[in-house]
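Take a moment with the sequence and the 3D view.

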Amino acid sequence: MDPLYVQVHARDNVAILVNPEGLPSGARFPDGLTLTERIPQSHKVALRDFNQGDAVIRYGQIIGHATRPIRAGSWVREDLLDLPAAPSLDGLPLATAVPPPLPKLEGYSFDGFRNSGGAVGTKNILGITTTVQCVAPTVDYAVRRIRAEMLPRFPGVDDVVAITHTYGCGVAIDAPGAAVPINTLRHIGSHPNLGDAPLVVSLGCEKLQPARLFPDGGFPILESDPYLIRLQNETLHGFGDIIAAIMRAAEKRLEQLTRRHRTACPASDLVVGLQCGGSDAFSGVTCNPAVGYAADLLVRAGATVMFSEVTEVRDAIHLLTPRAINEDVARSLIREMKWYDDYLARGGADRSANPTPGNKRGGLSNVVEKALGSVAKAGSSALMAVASQGERVTAKGLVFAATPASDFVCGTQQLASMNMHVFTTGEGTPYGLAMVPVIKVSSRTALAERWPDLIDLDAGRIATGNASIEDVGWELFRCILDVASGRRKTWADHWGLHNALAPFNPGPVT
Ligand code: CA
């Protein structure tokens, strides 16, 4: 392969090296630029000479200033850049550049499970919700038996899943932050992939009582409810009785679930959560723009597309508030940034807490560069709504759902709303969720080749010119429809790689 770099924006004065093995000192690009030192793949090369203090520009935006002179053809490493201040949250442009509606995309559908409330599932799962961590091993035990002894009799049901977590007791349950994990768990317990009603296992003495988890509305939980098992119930004698009670309720639920069938549903019934993890400098060039293209297709088809990860949006906030559909939505976005700024400040965290060592190995110098690449996932449509931490998304179109950036915490919180998940990665992660399919898209072909049985789609072809952003975007859109229909299985589901749920609890533990 001849020496090759990718320059994203015409204003950029640094570019990303594409060659898989990196390039040695003296390597010469077609435009005459010659490397002054060895540079690894996905790291930045200076396209011109820099004086100390000069702005370093990528994605057309300043990602830092040179801490000392840099010669053209040199490696622009993390320590050669200072970290610019985060954009101020005061005086941001509000809904000043609202993109016009994209042309409608008609005629795309998938085969989903429609619930009586209207929401559509992409899997047919028996989910056993828990109110507290104390019951988790008991439910895990019951699930092993249900899977072995009952599930084969209900071939229409995809799986049985224990919805276990670390919340529920020993927490300040009336503190303001408690609403976040409680709302998240409520929405997960009433997820469209679980059918129309939850099955709940409670200990009895915990702070998060079943009636508090499902207070009213869709899923009233009564003490006499056959789908509520309290382990401390006086009629249950020993572990054998407890497991038998859970299995009886499970069997009744399985009889209901097995009557669900897939029917053609318009693509507008999709709620797709976007996330990245283990990003590298290619993420913002290949997989994230391709996901952004697919996000636009989904929006055009009337679906909901959520992007999240406050800390990875924060440094690109000035590019997002102008895109809000109105000033209220822009202000909601700023409110979520402010909430998280305050949360991080309380914990004494600064912005250098992100990126990770792996991000840096992948060529990302700082959180500004990471954020500019991350927001490419959001495509080009108007931002229609903002959901707070733990809130379920109900709007159509592009929505920002506030979550932490941590993969499994973000995934858990997005699970409150999404029926499909798209995950981009540069360094690689085997991440998956039991309750919704997770399509993993790689930023580099080298990763897709090293992990052919973990990565579902390779966007690295965009860097080498073997595919366009549009090609991969369309491929992903069709892949989403196939996976949502159960016609295609993700690698994470093939191997059963399902991360534990990790609800975000910003409140105190007691
Ligand atoms: Ca993440």
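The paragraphs below go through a metal site, the cavities, some salt bridges and a surface patch.

Keep in mind that this model is predicted. Start at the calcium ion. Its protein donors are Q275 (OE1), C276 (O), E309 (OE), A405 (O) and D407 (OD). They lie 2.3 to 2.5 Å from the ion. Along the sequence, the donor residues follow the spacing Q-C-x32-E-x95-A-x1-D. Take C276 and E309 from this set: they link distant parts of the chain, 33 residues apart. C276 belongs to strand β14 (residues 271–276). E309 sits in the loop between β15 (304–307) and α6 (310–313). Both residues are buried.

The structure holds 2 cavities of 30 Å³ or more.

Helix α10 brings us to the salt bridges. A search of the whole structure finds 24 of them. In one, the side chains of R58 and E369 meet, with 2.7 Å from N to O. R58 is in strand β4 (residues 55–58) and E369 is in helix α10, so the bridge ties together parts that are 311 residues apart in sequence. Are the two partners buried or exposed? R58 has 1% relative accessibility, so it counts as buried. E369 has 0%, so it counts as buried too.

Another bridge joins K123 and D493, with the closest N and O atoms 2.9 Å apart. This pair links distant parts of the chain, 370 residues apart. K123 lies in the loop between β8 (120–121) and β9 (125–130), and D493 in helix α15 (residues 491–495). Both K123 and D493 are buried.

R147 and D159 form a further bridge, their closest N and O atoms being 3.2 Å apart. R147 is in helix α1 (residues 136–149) and D159 in strand β10 (residues 159–163), 12 residues apart. Here the partners fall into separate classes. R147 has 39% relative accessibility and so counts as partly exposed. D159, at 16%, counts as buried. Elsewhere, salt bridges with shared partners join E37, R77 and D79 into one network.

V98, I325 and M384 make a nonpolar patch of about 200 Å². M384 is placed in strand β16 (residues 383–387). Its relative accessibility is 35%, so M384 counts as partly exposed.

How values were computed
Residues are numbered from 1 along each chain as its sequence is written. This is a predicted model: local features need pLDDT of at least 70, side-chain atom pairs count only at pLDDT 80 or more; totals for chains, interfaces and linings use all residues. Side-chain values use heavy atoms; hydrogens and water are left out. Patches are made of residues with over 30% relative accessible area and no salt bridge: like charges are joined within 9 Å, nonpolar side chains (Val, Leu, Ile, Met, Phe, Trp, Tyr) within 5 Å. Accessible areas come from the Shrake-Rupley method with a 1.4 Å probe; for residues, only the protein chains shown count as cover. A salt bridge is a side-chain nitrogen of Lys or Arg within 4 Å of a carboxyl oxygen of Asp or Glu. Helices (H or I, at least four residues) and strands (E, at least two) are DSSP runs, numbered from the N terminus. Buried means under 20% relative accessible area, exposed over 50%, partly exposed in between (1.4 Å probe, protein chains only). Donors are N, O and S atoms within 2.8 Å of the metal (3.2 Å for Na, K and Ca); water is not among the atoms, so sites may look incomplete. On a 1 Å grid over the protein atoms alone, a cavity is a set of points where a 1.4 Å probe fits but cannot get out, and a pocket is an open set with protein on both sides within 12 Å along at least five of seven lines; lining residues have an atom within 4 Å of a point. Grid points are joined across faces, edges and corners, and a volume is the space filled by probe spheres set on the points.
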